[in-house]
Amino acid sequence: MNAQGDTKSYRNVLIFSFFLNIFLNPLFIWGYGIVPAYGIGGLAIATVIAQSIGTIYLAYKINSCKLRKYLSIKCFIPKFILLKELFSQAMPIMISMLFIGVGIFNILYFIGQFGDLATAGYGAALRVEQVFLLPVIGLNTAVLSIGGQNFGAKNYNRIRELYTKALFFGSSFMTVAGIILFFGAEFFVSQFTDNAEAIYHGAIYLKIAALIAPIYPVFFITTAVFQALKKPVYSLYLSVLRLTAFPFLSLWYVINIRGGDYADIFYTIMATNWFMGIAVIIFIGYFLNNVFKQKKSHFSY
């Protein structure tokens with residue numbers, strides 16, 4: 001559906017499921033009328049119902065889309081050549097997603113040295129930051145879809161334009177978001193806890209994260225371009241360097257060798273992100289020129 005430009009249907013499912021769960025969760029946890037109280041298991045029941053409704057709706061949308069006329073029983077017969085190509089495109093992204101978790105574990109390893117309240121404050125602040133990152137994640141999906149379409153159509157100049165405009169919009173938005181995060185850090189974290197020490201530690205992260213915010217779109221949008229051009233292995237390289245190898249070595253030196261404090265963890269992350277972001281911006285120009293040159297040479301031949 002994303003490949004056809006329909007990003008609204010799944011959005012509708014997520015919004016509907018959100019409000020449906022607000023109603024179903026308490027209904028099945030505590031019960032009402034003929035509905036018995038299932039306790040914590042009621043959360044699972046509510047989830048199954050919401051997901052089932054969403055699945056039925058999405059199946060209906062797929063059955064109504066323009067590509068439906070090309071769908072037949074033979075399409076479900078495994079074609080190993082296509083599966084091999086799909087696997088080669090999907091595997092680097094799967095591993096990249098894995099490294100996101102590894103990267104968070106890496107940061108938590110160093111934060112944990114400063115106590116449970118430092119970890120709690122960071123966890124609360126991270127949730128706030130992720131809310132502000134949602135539009136950039138949406139940009140990632142849009143760039144992947146539009147970039148893939150234009151790459152297939154050999155309209156390479158539009159891919160350059162797409163990357164530039166998406167990067168400008170994303171960085172502009174995150175600059176504004178960073179200002180909001182910086183000045184509202186204590187307020188945002190206090191919505192999750194009333195512990196003063198946890199709020200203090202969470203606010204430190206948010207204020208430094210605000211300084212990192214403008215460079216985040218570089219990674220999301222560049223990753224989408226790598227995927228759109230069928231070069232997902234570069235996304236894997238980027239994830240390994242940005243989320244694990246580079247930060248771990250830097251944090252190990254700053255915390256264990258230099259004796260850095262809690263805030264130094266995030267200043268180090270800020271430095272590594274900005275360094276990697278600038279390097280990626282420089283690299284992407286050479287990368288696009290090389291890929292497009294190869295494609296043009298191939299078709300000319």
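**Loops, pockets and cysteines**

Tutor: Let's begin with K230, which is partly exposed, with a relative accessible area of 41%. Keep in mind that this is a predicted model.

Student: Where does K230 lie?

Tutor: K230 sits in the loop between α8 and α9.

Student: And what about the phi of K230?

Tutor: K230 has a positive phi of about 60°, although K230 is not a glycine. For background, most residues other than glycine have a negative phi.

Student: Which loop holds K154?

Tutor: K154 is in the loop between α4 and α5, where α5 covers 156-183. K154 also shows a positive phi of about 60° without being a glycine. With 42% relative accessibility, K154 is classed as partly exposed.

Student: Okay, zooming out. How many helices and strands are there in the chain?

Tutor: The chain has 10 helices and 0 strands. Read from the N terminus, the order of elements is α-α-α-α-α-α-α-α-α-α.

Student: What box do the C-alpha atoms fill?

Tutor: Taken along the principal axes, the box is roughly 65 × 60 × 35 Å.

Student: What share of the residues is buried?

Tutor: Buried residues account for 39% of the 301 residues in the chain. As for the surface, the chain exposes about 18,000 Å², and 70% of that comes from carbon and sulfur atoms.

Student: How about contacts between residues at least 6 apart in sequence?

Tutor: Of those contacts, 75% join residues at least 24 apart.

Student: Which residues is Q113 in contact with, leaving aside its neighbours within four places in sequence?

Tutor: Those are I255 and N256. Q113 itself lies in the loop between α3 and α4, and its 42% relative accessibility makes Q113 partly exposed.

Student: Now pockets. How much space lies in the largest pocket?

Tutor: The largest pocket holds about 1,100 Å³. Its lining has 34 residues, and I100, L133, F220, R242 and L243 lie nearest its centre.

Student: Which helices each supply at least two residues of that lining?

Tutor: They are α3 (80-111), α4 (116-152), α7 (196-212), α8 (216-228), α9 (233-257) and α10 (262-300). The most comes from α4, with 11 residues.

Student: How does the lining of the largest pocket split by class?

Tutor: There are 21 nonpolar, 10 polar and 3 charged residues in that lining.

Student: And the second largest pocket, how much space lies there?

Tutor: About 310 Å³. The residues lining the second largest pocket are M1, A3, Q4, L67, C75, I77, P78, K79, L82, L83 and L86. By class they come to 9 nonpolar, 1 polar and 1 charged.

Student: I see C75 on that list. How many disulfides does the model have?

Tutor: The count is 0 disulfides. C75 is in no disulfide, and the nearest cysteine sulfur, that of C65, is 12 Å away. A disulfide needs the two sulfur atoms within 2.5 Å.

Student: Is C75 buried, partly exposed or exposed?

Tutor: C75 counts as partly exposed, at 37% relative accessibility.

Student: Switching topic again: which helix holds N140?

Tutor: N140 is in helix α4.

Student: Buried or exposed?

Tutor: N140 is buried because its relative accessible area is 15%, and the cut-off for buried is under 20%. Setting aside neighbours within four places in sequence, N140 makes contact with F220, T223 and A224.

Student: And Y200, which helix is that in?

Tutor: Y200 belongs to helix α7. Y200 is exposed, as its relative accessible area is 52% and exposed means over 50%.

Student: How far apart are Y200 and F283?

Tutor: In sequence, Y200 and F283 are 83 residues apart, and in space they are 38 Å apart, C-alpha to C-alpha.

Conventions: Residues numbered from 1 in each chain as written. Predicted model: local features only at pLDDT ≥ 70, side-chain atom pairs only at ≥ 80, totals over all residues. Heavy atoms only, no water. 1 Å grid on protein atoms, 1.4 Å probe; cavity = no way out; pocket = protein on both sides within 12 Å on 5 of 7 lines; lining within 4 Å. Points joined across faces, edges and corners; volume = space filled by probe spheres on them. Helix = DSSP H or I, 4+ residues; strand = E, 2+ residues; numbered from the N terminus. Nonpolar A, V, L, I, M, F, W, Y, C, P; charged D, E, K, R; others polar. Buried < 20%, exposed > 50% of the residue type's maximum accessible area, 1.4 Å probe, protein only. Contact = heavy atoms within 4.5 Å. Areas by Shrake-Rupley, 256 points an atom, 1.4 Å probe, with all protein chains shown as cover.
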